[in-house]
2 protein chains.
Amino acid sequence: MNITDISGVFASGCHSGIKASGGFDLAYVYVPGCVGSAIVQTQHAFRSPTCDHNASVFGQGPVALMVINSGNANTATGALGRDHVAQTVAAASRHFGVPVEAIGVASTGIIGVPLPVQKIVSGIATFSGTEKQGGDCLKAILTTDLVPKQASRTVMVGGQRVHMAGITKGSGMIAPNMATTLGFIVTDLALTSDECHRLLQPAIDASYNCLSVDTDSSTNDLVTLQSSGAVSVPLSDADWGVVQEALTALCVDLAKQIAKDGEGATHSIDVIVRGASTALEARQLAKQVVNSPLVKTAIAGNDPNWGRLVMAIGKGNHPGLKPDHLSIVINGHVIMANGQPVNGDRDAVRNAMAVPDVVIEIGVGDGAYESVAYGCDLTHGYIDINMAYN
Amino acid sequence: MNITDISGVFASGCHSGIKASGGFDLAYVYVPGCVGSAIVQTQHAFRSPTCDHNASVFGQGPVALMVINSGNANTATGALGRDHVAQTVAAASRHFGVPVEAIGVASTGIIGVPLPVQKIVSGIATFSGTEKQGGDCLKAILTTDLVPKQASRTVMVGGQRVHMAGITKGSGMIAPNMATTLGFIVTDLALTSDECHRLLQPAIDASYNCLSVDTDSSTNDLVTLQSSGAVSVPLSDADWGVVQEALTALCVDLAKQIAKDGEGATHSIDVIVRGASTALEARQLAKQVVNSPLVKTAIAGNDPNWGRLVMAIGKGNHPGLKPDHLSIVINGHVIMANGQPVNGDRDAVRNAMAVPDVVIEIGVGDGAYESVAYGCDLTHGYIDINMAYN
């Protein structure tokens, strides 16, 4: 299911001329009857002026129209950058007939280069506003991504079928701080902006915020949720739980697609930490393992290197960790128990790791908390892509 | 000047059989008349039992003898690992005639594999205890290092010439948490253990603790300082300052040698942050830039990528940063001022970066604090070394 398969949602994409490659680089997501919306954005100190603009408009009421460009992040561009956001919004307002306070902007691409705003203004004029071309929209938000990323969920709420669908991008500069990358989610379930925000924040915390490709955080990250209001049902507490669960699952789906498409990645990595003494500790431990360059390179080589896993688990400031309680399982193979290596068939483990998805389960004690982090391995491909990105 | 050029210091190294390559893998540093000593060790939650042993003996009085092996870290080896430390110390005590409470142990190498302790016991027996073979000792502490690393300083204190010399190892799993890697420093200046510690901690804070090759922290890091007491002078406050400055400079020298020899590195990177509002903020900002994979790969490609520097400076939680105050200078070339890129000759900057040492100066505001972080770039060499390290 595409985002434009949701009732009341229109979207498309085109090549406006920002990307020298000729690829699609301008898109919109338009929900004319939008009854509620929410956004979670990067906490980066030098965030793009697009984020400042969005903070303002999402605070005022439902945002019906998102204008998105790839190829240029419009960041570290000073007063000119702020002016280019205003020009983009003004052009979209005239062309779509939507008030400026209902228009958000997202940009992704190179930092510190002025936006070619005339190309965006001209590109906006090529859209009709009634396209149902979710696939073209999806193509236009990508940068170094190798594959497009989308997900959807359908749930029954109050006896009615409710749909939600989302698209996202990203494969480098991926380490969330409240949100990461760009993501756009739409639903036909009627939700107020307050309800959208109450649903979106926990979904992001359990998905995008568990994701790290390279510990580097973008200046432009954001994820939006827009409701077309096509399906109006009163939500019981149980219904709310169903909707929250579906939205969280949808966001996890999108986040894992980003991990799989991490720059140069040959394995996705799920790190599950169990038995931690606090929720924060569980999350920090999972993240520091998924971020360890020595763990990531070992997994690139299908190497069940328990020494590096021990190193990565203990390196943070978690004085409560008990060395003698540590257990490690990789793709079902126990490689460490009670703090010591298990003498097993190393070649069997290597074979079990020679697959696209590696799951590392770590027991750190008898605490009640667990967490998961999503990432990918570190290969020559990451170096190739990033030694010469301009 | 070698460590054995210091009066009252003996050292040597040999091949005991731990390293399959046949390289030197066992060493000692012996200061028979040791009047004071100090140690700074890793804060890793799963630190080696050698560190537990050292914490005990350095707390009891001067440690005259350090026994060091490379090739095996004796970490994540459970009760057996603790027993192997005891066996090593007992063998050294018998052979050197030094009480067990004056013997420290350092191990570095693979994690999670039992130490071949018999080889160590046999190797210890080959030493006379009166060797002046600092070069052999230095060779025996290395693992993936490509070059040996040593430094020395000579200062006048109270009209007398005082010497200090140190050796160190490390090129991967380098991100200090109080100390990192192995380092052994000796001096002929008579210092009590308390004085040694008062001098060593700030020297480590300003050197090893500003160093990061890959954000991964070892389970076995330690740096020691031992005084032979050969030169006894009362220290005035001014003299103390001279000694502290020399020791800190020596430690910075050693730490920068580690950065230069970072696994796969083709550039060393010094990141200097100025104008921060607190000392902690200055250090965190410098470290997060030197640790950024996207900055490190850009520098590997001689790319003055200001966008990634802006990203790396702002990605932490430093809400006080002012985008419009940001300035960036690379090897003397201004590439950003007042938060915006400076249109300069990009090829000239690229040429200026095609040297072994890259210095990045970052102005973040008008605060009074500055800090420096030492690191290296991220290349194919790091991937090669770490995809297949066993």
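Six bridges join strand 3 of chain A to strand 9 (residues 222-231) of chain A, and the two strands run antiparallel. Within this pairing, A:A38 stands opposite A:L225 of strand 9 of chain A. This is a predicted model, and the description below should be read with that in mind.

**The sheet of chain A**

The two strands belong to an open sheet of five strands in chain A, whose order is 3-9-8-7-6 and whose pairing is mixed. Strand 3 (36-41) and strand 6 (149-157) of chain A stand at the edges with a single partner strand each, so one side of each has no neighbour in the sheet. Direction ignored, neighbouring strands of this sheet are turned by 15 degrees against each other on average.

| Helix of chain A | Strands of chain A concerned | Angle to strand 3 of chain A |
|---|---|---|
| Helix 1 (residues 49-58) | strand 3 and strand 9 | about 150 degrees |
| Helix 5 (residues 193-205) | strand 3 and strand 9 | about 35 degrees |

**A residue in helix 5**

A:P202 lies in helix 5 of chain A. A:P202 and A:S236, which are 34 residues apart in sequence, lie 19 Å apart in space, C-alpha to C-alpha.

**Domains of chain A**

The domain assignment of chain A gives domain 1 (3-260) and domain 2 (268-387), and the C-alpha centres of these domains lie 32 Å apart. Their contact takes 11 residues from domain 1 of chain A and 11 residues from domain 2 of chain A. On the side of domain 1 of chain A that touches domain 2 of chain A, the residues divide into five nonpolar, four polar and two charged.

**Where the chains meet**

Between the chains, 50 residues of chain A are in contact with 50 residues of chain B. The elements that give two or more residues to the side of chain A that touches chain B are helix 8 (293-300), helix 9 (306-314), strand 13 (340-341) and helix 11 (380-387) of chain A. Helix 9 of chain A gives the most, with six residues. By class, this side of chain A has 22 nonpolar, 24 polar and four charged residues.

**A strand pair in chain B**

In chain B, five bridges join strand 2 (residues 26-30) to strand 4, and these strands run antiparallel. B:Y30 stands opposite B:L65 in strand 4 of chain B. Strand 4 (residues 65-72) of chain B is mostly covered, since eight of its eight residues are buried.

**Confidence in the model**

For the complex, the predictor gives an ipTM of 0.74 and a pTM of 0.78. The mean pLDDT of chain A is 88, and 95% of its residues reach 70 or more. Among the elements of chain A, helix 11 has the lowest mean pLDDT (83) and helix 3 (residues 117-124) the highest (97). Over residues 176-180 of chain A the pLDDT is below 50, although this stretch has 31 contacts in the model beyond near neighbours in sequence. Where pLDDT is low, predicted coordinates should not be read in detail.

Key
Residues are numbered from 1 along each chain as its sequence is written. Chains are lettered from A and ligands numbered from 1 in the order in which they are written. This is a predicted model: local features need pLDDT of at least 70, side-chain atom pairs count only at pLDDT 80 or more; totals for chains, interfaces and linings use all residues. A residue is buried if 20 or more other C-beta atoms lie within 10 Å of its own, exposed if 12 or fewer, and partly exposed in between; C-beta atoms are placed from the backbone. Helices (H or I, at least four residues) and strands (E, at least two) are DSSP runs, numbered from the N terminus. Two strands pair if DSSP finds at least two bridges between them. Domain bounds come from an automatic or database domain assignment. Two residues are in contact if their C-beta atoms, placed from the backbone, lie within 7 Å. Ala, Val, Leu, Ile, Met, Phe, Trp, Tyr, Cys and Pro count as nonpolar, Asp, Glu, Lys and Arg as charged, and the others, Gly among them, as polar. Axes are lines fitted to C-alpha atoms, for helices over the stretch in contact, and angles run from 0 to 180 degrees between N-to-C directions. pLDDT is the predictor's confidence in each residue, from 0 to 100.
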